[in-house]
Amino acid sequence: MASPDLYSPWPSSTSYSFSGSLDIHVEETHPANFLQAQEVPSSSSSSSLSYNCNVPKPPPLPDKTCTRTAKRLLECCFVPKETVDAWDKLFKEGHGADVYVISKDDLYIPAHSSVLNIVSPVLGTFLQQSRVKNGMRYIKIPGVPYDAIHAFIRFLYSSCYEKEDMNKFVLHLLVLSHSFAVSSLKRICVHFLERDWITKENVVDVLQLARSCDAPRLSLFCVRKIVKDFKAISSTDGWKVMRRANPALEQELIEFVVEADTTKEERLKKMEEKKVYMQLNEAMEALIHICKDGCRTIGPRDKVLKGSQVACGFPACKGIETLVRHFSSCKTRVPGGCVHCKRMWQLLELHSRMCSEPDLCKVPLCRHFKEKMQQQSKKDETKWKLLVSKVMIAKKIMGPFSGHRSGLL
């Protein structure tokens with residue numbers, strides 16, 4: 001943060017003497033008024049009601065949790081295990097099958113056209129276009145092994161699958177679920193891949209497959225993984241193959257990495273700026289604390305100091321105390337002649353710009369800087385207003401008790 005480089009000569013008048021201006025009296029703060037809550041009528045007042053007391057009271061209304069639970073029960077469908085087993089048995093034994101699904105190995109899987117047509121409209125279209133031979137219809141799915149097709153057709157019947165099959169054929173099942181519009185299986189495949197299947201070696205391949213299968217969540221998951229560990233993933237065989245086959249995707253991923261690094265740098269920069277503004281706010285609070293109430297070894301002339309052994313609840317108090325001591329005794333003190341005095345000048349002016357009661361303020365030179373504002377250029381005034389707004393935002397973020405934050409730890 002670049003503080004406005006604005007200085008003013010220290011007033012020569014004794015009325016503005018730094019040590020003399022610390023003649024401070026404690027001001028009492030009035031406790032806040034509290035609103036009284038309305039009293040709930042007692043049970044004894046129920047005798048004035050018009051209904052008979054012997055009538056039982058109605059049950060309490062259900063709370064929101066019960067309402068949500070009841071609604072969820074109405075929307076859900078619970079299928080008994082026996083029903084699932086029956087459908088699974090129908091598929092495995094193939095009773096009354098009228099369709100054969102053929103794998104790339106020319107192996108046949110019996111199925112029922114009515115089931116396939118209901119579960120997958122795409123398969124239903126294929127069935128209508130297929131030829132009937134000896135009362136059976138034949139559908140061939142090229143490029144997919146028998147076990148993967150078997151697991152896919154079984155899921156269409158009972159929504160069941162073996163974890164071993166999913167671990168081995170999850171990519172085949174993702175392609176099949178997308179090609180034949182089986183959204184429930186597609187969601188399961190995406191969840192399985194995101195959970196514990198994607199590695200540095202296969203993330204590029206999964207990303208390309210996710211884009212082909214219209215799986216935006218999985219695609220975003222892969223992109224984030226690549227951006228997070230770009231150095232290791234960019235050296236894998238999958239990345240090298242992708243670079244030759246799809247250079248546009250490589251360029252897109254590199255742009256994502258650059259954007260993520262830029263965003264990270266900007267975020268760190270903003271956090272650092274925010275930290276500086278919070279420190280300035282703490283300095284303002286510590287300055288008011290010293291000039292109004294006094295601290296361990298410095299404060300108003302009429303205050304009994306606590307001593308250096310007493311801990312102070314203001315985080316910046318020690319640094320401001322050292323700066324004030326130097327400023328009051330420094331013989332250079334002119335703007336640009338001493339770095340520490342320069343910092344003190346800026347803190348005093350910043351306080352003056354933030355102070356809303358300069359006539360009652362106990363901080364030295366507060367009113368003087370208020371008058372000085374009218375003589376500054378528009379450019380300097382803009383810089384100071386921006387700084388004050390940033391510090392005020394930091395003050396709101398830290399809350400009303402920010403000055404005692406360290407004392408509560």
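**Entry 1: helix H8 and what follows**

I looked at Asp214 after helix H8 and found a positive phi, near 55°. The model is a predicted one, in which local features need pLDDT of at least 70, side-chain atom pairs count only at pLDDT 80 or more, and totals for chains, interfaces and linings use all residues. Residues are numbered from 1 along each chain as its sequence is written, and side-chain values use heavy atoms, with hydrogens and water left out. I take helices (H or I, at least four residues) and strands (E, at least two) as DSSP runs numbered from the N terminus.

Which residues of H8 are buried? In H8 (residues 203-212) I listed Val203, Val204, Val206, Leu207, Leu209 and Ala210. Buried means under 20% relative accessible area, exposed over 50%, and partly exposed in between (1.4 Å probe, protein chains only). The cover over these buried residues includes H6, H7, helix H9 (216-228), helix H10 (230-233), helix H11 (237-245) and H12. Contact here is heavy atoms within 4.5 Å.

**Entry 2: whole chain**

I noted 16 helices and 4 strands in the chain. Of its 409 residues, 35% are buried. Among contacts with a separation of 6 or more, 63% are between residues 24 or more positions apart.

**Entry 3: the sheet**

I traced an open sheet of 4 strands in the order E2-E1-E4-E3, with mixed pairing. Two strands pair if DSSP finds at least two bridges between them. Strand E2 (108-111) and strand E3 (132-133) are the edges, each pairing on one side only. Strand E1 (residues 99-102) runs parallel to strand E4 (residues 136-140), and 4 bridges join them. I checked Val101, whose bridge partner in E4 is Ile139.

Helix H4 (residues 121-129) packs on the sheet and touches E1 and E4, its direction making about 120° with that of E4. Helix H5 (residues 146-158) lies across E1 and E2, at about 5° to E2. Axes are lines fitted to C-alpha atoms, for helices over the stretch in contact, and angles run from 0 to 180 degrees between N-to-C directions.

**Entry 4: two positive phi values**

I found Asn134, not a glycine, with a positive phi of about 55°. Asn134 sits in the loop between E3 and E4 and counts as exposed because its relative accessibility is 75%.

Ala181 is not a glycine either, and its phi is positive at about 55°. Ala181 lies in the loop between helix H6 (163-179) and helix H7 (183-196). I recorded a relative accessible area of 46% for Ala181, so it is partly exposed.

**Entry 5: second largest pocket**

How much space lies in the second largest pocket? I noted about 430 Å³. A pocket, on a 1 Å grid over the protein atoms alone, is an open set of points where a 1.4 Å probe fits, with protein on both sides within 12 Å along at least five of seven lines; lining residues have an atom within 4 Å of a point. Grid points are joined across faces, edges and corners, and the volume is the space filled by probe spheres set on the points.

The lining has 20 residues, and Leu280, Leu323, Arg343, Gln346 and Leu347 are the closest to the centre. Two or more residues each come from helix H12 (247-292), helix H13 (317-329), helix H14 (339-354) and helix H16 (378-398). H14 gives the most, with 7 residues. I counted the lining as 11 nonpolar (Ala, Val, Leu, Ile, Met, Phe, Trp, Tyr, Cys and Pro), 2 charged (Asp, Glu, Lys and Arg) and 7 polar (the others, Gly among them).

Cys341 is in H14 and is buried, with a relative accessible area of 0%. From Cys341 to Leu323 I noted 18 residues in sequence and 7.8 Å in space, C-alpha to C-alpha.
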